[in-house]
Amino acid sequence: AAQSGLRFYSSAVHIQTVGVIGSGQMGSGIAQVLAQVAKRNVILVDSKKESIEKSLININNLLTKQLNKGNITEAEKSATLSRISFSDDIKSVKDADMVIEAIVENPEIKSKLFQELAAICKPGAILASNTSSISITQISANTKTPENVIGMHFMNPVQVMKLVEVIPALGTSQNTVDVTLQLAKEMGKTTTLSKDMPGFIANRLLMPYINEAVQAFDEGLGTLEHIDTTMLLGCNMPMGPLALADFIGLDTCYSIMNILHTQLGDKYRPAPLLKRYVEAGRLGKKVGHGFYLYK
Ligand code: NAD
C-alpha cells in the first residue's frame with residue numbers, strides 16, 4: 001500500500017482539528033502554522049486569559065505584516081484567523097484528532113496535563129508534547145494510551161524555523177510516528193528523529209553552549225556584547241548565545257539545563273547566574289529584560 005501511495009491510515013488526512021495547549025510564544029506559533037500552512041482547524045487553549053489575548057494580538061500582527069509585504073492576501077489572512085478558536089477550558093479539545101501541548105517546561109505539570117488529556121480526548125487522538133527536554137516516555141506513562149503519545153519539538157519562532165524534531169517514546173506506535181511526521185511536513189517543516197533522551201538532539205547540543213556563555217559572562221571573560229559579537233562574527237552564528245538565551249527565555253534554558261544535569265551528570269550543571277536571573281524574574285525578551293533590556 002505504501003508503494004501505491006495508498007497508505008491512508010498513516011497519512012495525516014484524518015487530522016482535521018488540532019488542539020494546542022499553551023498559547024505562549026511556542027503555542028501561538030504552532031497554532032498559526034497549523035491554521036495557515038497545514039490549513040487545519042485549531043483550538044488554542046491557555047489557562048490564563050491574558051495569554052490568550054496576547055496570542056490573538058500576536059498572530060493578527062504577524063499576519064498583518066505578511067499582508068503588508070504582499071506575501072498573503074486579505075482572504076488568506078481572514079481564512080487563517082477563522083480556523084483558530086481560543087478557549088480557557090481544556091475540555092474544548094475533546095473532539096480534536098490531535099493535541100499538541102506547549103505549556104510550561106515542568107515534568108509534573110506536563111504529566112498531569114497528559115493524564116487529563118487522555119481522559120478527555122476521543123479514543124485514538126494523538127497527544128504530542130513540544131517539550132524541549134522532558135522524557136516523552138515519562139509524560140506518556142500514566143495516560144493509558146502511550147501508543148498515541150509522541151514528542152513534536154518545534155523551534156522558536158515556529159513560523160520561521162524549518163525543523164521539527166520528532167521523538168517516539170518507548171511505547172509510541174509506528175502509526176503515531178508516521179502521522180506526526182506527515183503533519184509536520186504539511187506544516188512546511190523538515191523533520192528529524194531523535195531518541196527519547198534528555199534535550200533530544202537540538203538542546204543536548206545547544207543548551208550547554210548557552211550555559212557556557214552565561215558562565216563565561218559571569219566570570220568576566222568578556223562583556224555581553226563582546227561574547228555575543230565573538231560568536232556572531234567569529235563563528236558565524238546567526239545570533240550571539242546570550243541574545244539567543246533571552247530569545248528562548250531564561251526560565252526555559254534553566255529548566256532544560258536542570259534536566260540535563262539531573263539525568264546526564266555534573267558536566268551539565270546550570271550556571272549560577274542563569275539561576276539568579278530566573279529568580280529575579282529577568283526571563284528574557286518575553287518580559288522585556290534578560291541579559292539585555294528590550295523596549
Ligand atoms: P511560554 O511561557 O511563552 O508559554 C507557556 C504558556 O502555557 C503560558 O501562556 C501559560 O499561561 C500556559 N500554561 C501553563 N500551564 C498551563 C496549563 N496547565 N494549562 C494551560 N496552559 C498553561 O513558554 P514557551 O516558550 O511557549 O514554551 C512552551 C513549551 O515549549 C515548553 O515546554 C518549552 O520547553 C517548549 N519549547 C520552547 C522553545 C523556546 O524557544 N521558547 C522552543 C521549543 C520548545
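A residue is called buried when its relative accessible area is under 20%, exposed when that value is over 50%, and partly exposed in between, judged with a 1.4 Å probe and protein chains only. By this scale Ser-173 counts as partly exposed, because its relative accessibility is 22%. The structure discussed here is a predicted model, in which local features need pLDDT of at least 70 and side-chain atom pairs count only at pLDDT 80 or more, while totals for chains, interfaces and linings use all residues. Residues are numbered from 1 along each chain as its sequence is written, and side-chain values use heavy atoms, with hydrogens and water left out.

Helices (H or I, at least four residues) and strands (E, at least two) are DSSP runs, numbered from the N terminus. Ser-173 is 25 residues from Asn-148 in sequence, yet their C-alpha atoms are 6.7 Å apart in space. Another serine, Ser-87, belongs to strand 3 (residues 84-87). Ser-87 counts as buried, because its relative accessibility is 14%. A polar atom of the Ser-87 side chain lies 2.9 Å from the backbone nitrogen of Asp-89. This is a distance to read alongside the term polar contact, a pair of N or O atoms within 3.5 Å; within protein, one must be able to donate a hydrogen and the other to accept it, and residues adjacent in sequence count only if both atoms are side-chain atoms.

Next comes the ligand. Its shell holds 23 residues, and the closest are Asp-46, Ser-51, Glu-105, Lys-110 and Ser-132; a residue is near a molecule if one of its heavy atoms lies within 4 Å of it. Seven residues of the shell are nonpolar, eleven polar and five charged. In this grouping, Ala, Val, Leu, Ile, Met, Phe, Trp, Tyr, Cys and Pro count as nonpolar, Asp, Glu, Lys and Arg as charged, and the others, Gly among them, as polar. Helix 1 (25-36) and strand 6 (149-154) each contribute at least two residues to the shell. Oxygen atoms of the ligand lie 2.6 Å from a polar side-chain atom of Ser-132, 2.9 Å from one of Asn-130 and 3.2 Å from a polar backbone atom of Ile-103. On its own the ligand has 840 Å² of accessible area, of which the protein covers 84%, as computed by the Shrake-Rupley method with a 1.4 Å probe.

Rings of Phe, Tyr and Trp (its six-membered ring) pair if their centres lie within 6.5 Å; planes under 30 degrees apart count as stacked, over 60 as edge-to-face and the rest as tilted. Two aromatic pairs are found in the whole structure. Phe-217 and Phe-291 make an edge-to-face pair, 6.0 Å centre to centre with 85° between the planes. This pair joins helix 7 (residues 202-218), which holds Phe-217, to the segment after helix 11 (272-279), which holds Phe-291, across 74 residues. Phe-217 is partly exposed at 22%, whereas Phe-291 is buried at 5%. The rings of Tyr-277 and Phe-291 form a tilted pair, because their centres are 4.9 Å apart and their planes at 40°.
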